[in-house]
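Thank you all for coming. Please have a look at the structure on the screen, and then I will take you through it part by part.

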Amino acid sequence: MWSNDMKWGPLDRKPGQGRPRATTATEDRYLSIIARRNRGATACQLSRDLYAATGTRVSRVTVSKRLHETGLFARRPAVWVSLTSTNRRVRLAWCREHRDWSMDQWATVFFPDESRFSLNTDSRRMFIWREPGTRYLPSNVREIDHYGGGGLMVWAGIMLDGRTPLRISPYERGTVTGVRYREEILEPYALLFRGAVGPKFILMDVKARPHKALLVDEFLESEDIRRMDWPARSPDLNPIEHVWDALGRAIATRNPPPRTIQEMKTALLNEWDQLPQEMINCLISSMKSRCKACISVRGDHSLY
């Protein structure tokens with residue numbers, strides 16, 4: 001029988017008290033400070049930093065909980081390309097020209113684009129610690145100019161109520177030529193969509209180097225295909241960029257994730273086919289709002 005004189009041991013707790021807190025208030029503040037100084041650090045890295053500084057060892061789950069308590073959450077960063085004053089001026093003029101376009105006009109535009117997917121570090125898989133509502137603060141934005149390393153280059157095009165199949169090839173610099181652009185993209189897909197839309201069909205053209213080849217100009221002129229000159233460094237204006245984001249998220253959440261180039265290729269093809277057309281239509285329908293958002297910041301990065 002228990003004696004009335006028996007004392008509670010150190011592991012005996014009254015009901016409802018729960019487990020002792022693994023960190024002190026000072027350690028919680030330390031985690032918050034180092035997470036804000038290095039927003040790209042993982043919870044495991046922050047756990048190791050805390051142990052090195054204080055000798056307290058906690059799990060990554062505990063680290064995440066402490067940061068949540070201080071208003072920090074792991075989110076994908078906004079990724080922007082840098083803009084010059086000329087870029088801003090051209091973007092502003094383009095948006096003013098197209099801000100009053102109707103959906104009937106945007107429905108005639110074919111948005112082709114290419115993107116790169118890697119088995120290694122990818123901006124769609126990286127997270128930073130930030131407060132809600134601060135995605136576009138300078139400290140939470142990552143500026144890029146191009147990708148490096150190996151992977152797969154994909155190409156596709158979207159329209160209202162339609163899309164092309166996804167084309168995939170190994171990523172090697174210089175492999176996309178004017179000839180390949182005409183034979184593998186324009187002839188099979190641009191002509192197909194132009195036939196469906198009619199003479200009002202417009203090709204959105206980012207004017208990459210292969211797109212500016214003389215043989216490409218001659219082909220488009222011979223087929224009476226109009227080009228829409230696209231302002232440079234404007235992924236926020238291009239609805240297909242959000243389609244690439246959706247594709248990247250779908251790949252990143254696969255379990256197990258692709259571990260080889262062939263597995264990545266299979267995953268990309270499968271996930272592309274499963275993307276809802278309703279999402280693509282919604283993105284194209286946002287073009288008027290994209291133009292207005294860019295105008296409101298005088299050609300600078302918009303919130304898209």
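In which segment does Arg298 lie? Arg298 lies in the segment after helix H11, where helices (H or I, at least four residues) and strands (E, at least two) are DSSP runs, numbered from the N terminus. Before I go on, please keep in mind that this is a predicted model, in which local features need pLDDT of at least 70 and side-chain atom pairs count only at pLDDT 80 or more, while totals for chains, interfaces and linings use all residues. Residues are numbered from 1 along each chain as its sequence is written, and side-chain values use heavy atoms, with hydrogens and water left out.

Let me stay with the backbone for a moment. Arg298 has a positive phi of about 55 degrees although it is not a glycine, and at 55% relative accessibility it counts as exposed; here buried means under 20% relative accessible area, exposed over 50%, and partly exposed in between, with a 1.4 Å probe and protein chains only. Asp161, which is not a glycine either, has a positive phi of about 70 degrees, and you will find Asp161 in the loop between strand E6 and strand E7 (162–163), exposed with a relative accessible area of 60%. In the loop between helix H8 and helix H9 you can find Pro256, and the peptide bond leading from Asn255 to Pro256 is cis, with omega near 5 degrees.

Now to the protein as a whole. It has 11 helices and 10 strands, and of its 304 residues, 41% count as buried. If we take the contacts (heavy atoms within 4.5 Å) with a separation of 6 or more, residues 24 or more positions apart account for 76% of them.

The largest one has 36 residues, of which Trp94, Trp106, Met228, Trp244, Leu268 and Trp272 touch the most other members. Among the elements that give two or more residues to this core are helix H4 (85–98), strand E3 (109–117), strand E6 (152–159), helix H8 (239–252) and helix H9 (261–274), and the largest share, six residues, comes from H8. Apart from this core lies another, of 15 residues, which includes Trp155, Leu186, Tyr189 and Ile225.

Since H8 has come up, let us see how it meets helix H10. Two packed helices are described by the angle between their axes and the distance between the axes. For H8 and H10 the angle is about 145 degrees, and the axes are 8 Å apart; axes are lines fitted to C-alpha atoms, for helices over the stretch in contact, and angles run from 0 to 180 degrees between N-to-C directions. On the H8 side, Pro239, His242, Val243 and Ala246 meet Met279, Ile280, Leu283 and Ile284 of H10.

In the loop between strand E10 (226–229) and H8 we come to Asp236, which counts as buried at 5% relative accessibility. Its side chain is joined to that of Arg91 by a polar contact of 2.8 Å, and a polar contact of 2.8 Å also joins the side chains of Asp236 and Ser302. By polar contact I mean a pair of N or O atoms within 3.5 Å; within protein, one must be able to donate a hydrogen and the other to accept it, and residues adjacent in sequence count only if both atoms are side-chain atoms. Leaving aside residues up to four places away in sequence, Asp236 touches Arg91, Arg290, Asp300, His301, Ser302 and Tyr304.

How many disulfides are there? With a disulfide taken as a pair of cysteine sulfur atoms within 2.5 Å, the count comes to zero. Cys95 is buried, at 0% relative accessibility, yet its sulfur is 3.6 Å from the closest cysteine sulfur, in Cys294, and that is too far for a bond. Cys44, by contrast, counts as partly exposed, at 37% relative accessibility.

Last, helix H3 (residues 60–69), whose buried residues are Thr62, Val63, Ser64, Arg66 and Leu67. What covers them includes helix H1 (25–37), helix H2 (43–54) and strand E4 (128–130). Val61, also in H3, is partly exposed at 41% relative accessibility, and after H3 comes Gly71, whose phi is positive, near 90 degrees.

Definitions and conventions. Core = buried A, V, L, I, M, F, W, Y, C linked by side-chain atoms within 4.5 Å.
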